[in-house]
Amino acid sequence: MNDLVTKKCKPCEGGMPPLDEQQAGEMLKQLKGWILEDGKLVKLYPFKNYYQTMAFVNALAWISHREDHHPDLSVGYNQCRVEYSTHAIGGLSENDFICAAKCDALFDL
């Protein structure tokens, strides 16, 4: 199991620097299928139909609420694009990688 899945997001109100490119690259190695795009952590999840897509989106909304760290989502009939970045610091934080790992765990259920 990915260690990131067991971690909890820490409150981030700013005042700390975002991860640099090297740090983000190292953390990215702990995830499968995620990419760094325009300073964000991004993954496209495929589904068989709209029902499965929306079930994933709703479950992800619950996880996001519990972690108090929310992604940007683009939802289609049979896919969901998930983007994480920490707006308070203008870049990536460990929270983004924690939540990405939790997205993967949800998708694998």
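The legends below describe close-up views of a predicted model. Residues are numbered from 1 along each chain as its sequence is written, and side-chain values use heavy atoms, with hydrogens and water left out. Because the model is predicted, local features need pLDDT of at least 70 and side-chain atom pairs count only at pLDDT 80 or more, while totals for chains, interfaces and linings use all residues.

**View 1. Helix α4 and its cover.** Helix α4 covers residues 94-107; helices (H or I, at least four residues) and strands (E, at least two) are DSSP runs, numbered from the N terminus. The expected span of a helix is 1.5 Å times one less than its number of residues. For the 14 residues of α4 this gives 20 Å, and the end C-alpha atoms are 20 Å apart, so the two values agree. Of the 14 residues in α4, 11 are buried. Here buried means under 20% relative accessible area, exposed means over 50%, and partly exposed lies in between (1.4 Å probe, protein chains only). Among the buried residues of α4 are N95, F97, C99, K102 and L106. Their cover includes α1, α2, β2, α3 (50-67) and β4.

**View 2. I98 in helix α4.** I98 lies in helix α4 and counts as buried because its relative accessibility is 0%. Leaving aside neighbours within four places in sequence, I98 is in contact (heavy atoms within 4.5 Å) with L4, K7, K8 and C9. H69 is 29 residues from I98 in sequence, and the two C-alpha atoms are 9.7 Å apart.

**View 3. A24 in helix α2.** A24 belongs to helix α2, residues 21-28. With a relative accessible area of 3%, A24 is buried. Not counting residues up to four places away in sequence, A24 touches L19, L36, L92 and F97. S93 is 69 residues from A24 in sequence, with 8.2 Å between their C-alpha atoms.

**View 4. The salt bridge between K7 and E94.** The structure holds eight salt bridges, each a side-chain nitrogen of Lys or Arg within 4 Å of a carboxyl oxygen of Asp or Glu. In one of them, the side chains of K7 and E94 meet at 2.7 Å, N to O. K7 lies in the loop between α1 (3-6) and α2, and E94 in helix α4, so the pair ties together parts that are 87 residues apart in sequence. K7 is partly exposed, with a relative accessible area of 35%, and E94 is partly exposed at 24% relative accessibility.

View 5. E37 forms a salt bridge with R81, and their closest N and O atoms are 2.3 Å apart. Since E37 is in strand β1 (residues 35-37) and R81 in strand β4 (residues 79-84), this pair ties together parts 44 residues apart in sequence. Both are partly exposed: E37 has a relative accessible area of 27%, and R81 has 25%. A further salt bridge joins the side chains of K40 and E83 (3.4 Å, N to O). K40 is in strand β2 (residues 40-46) and E83 in strand β4, and this pair links distant parts of the chain, 43 residues apart. K40 counts as partly exposed at 27% relative accessibility, whereas E83 is buried, with a relative accessible area of 15%. Salt bridges with shared partners join E37, K40, R81 and E83 into one network.
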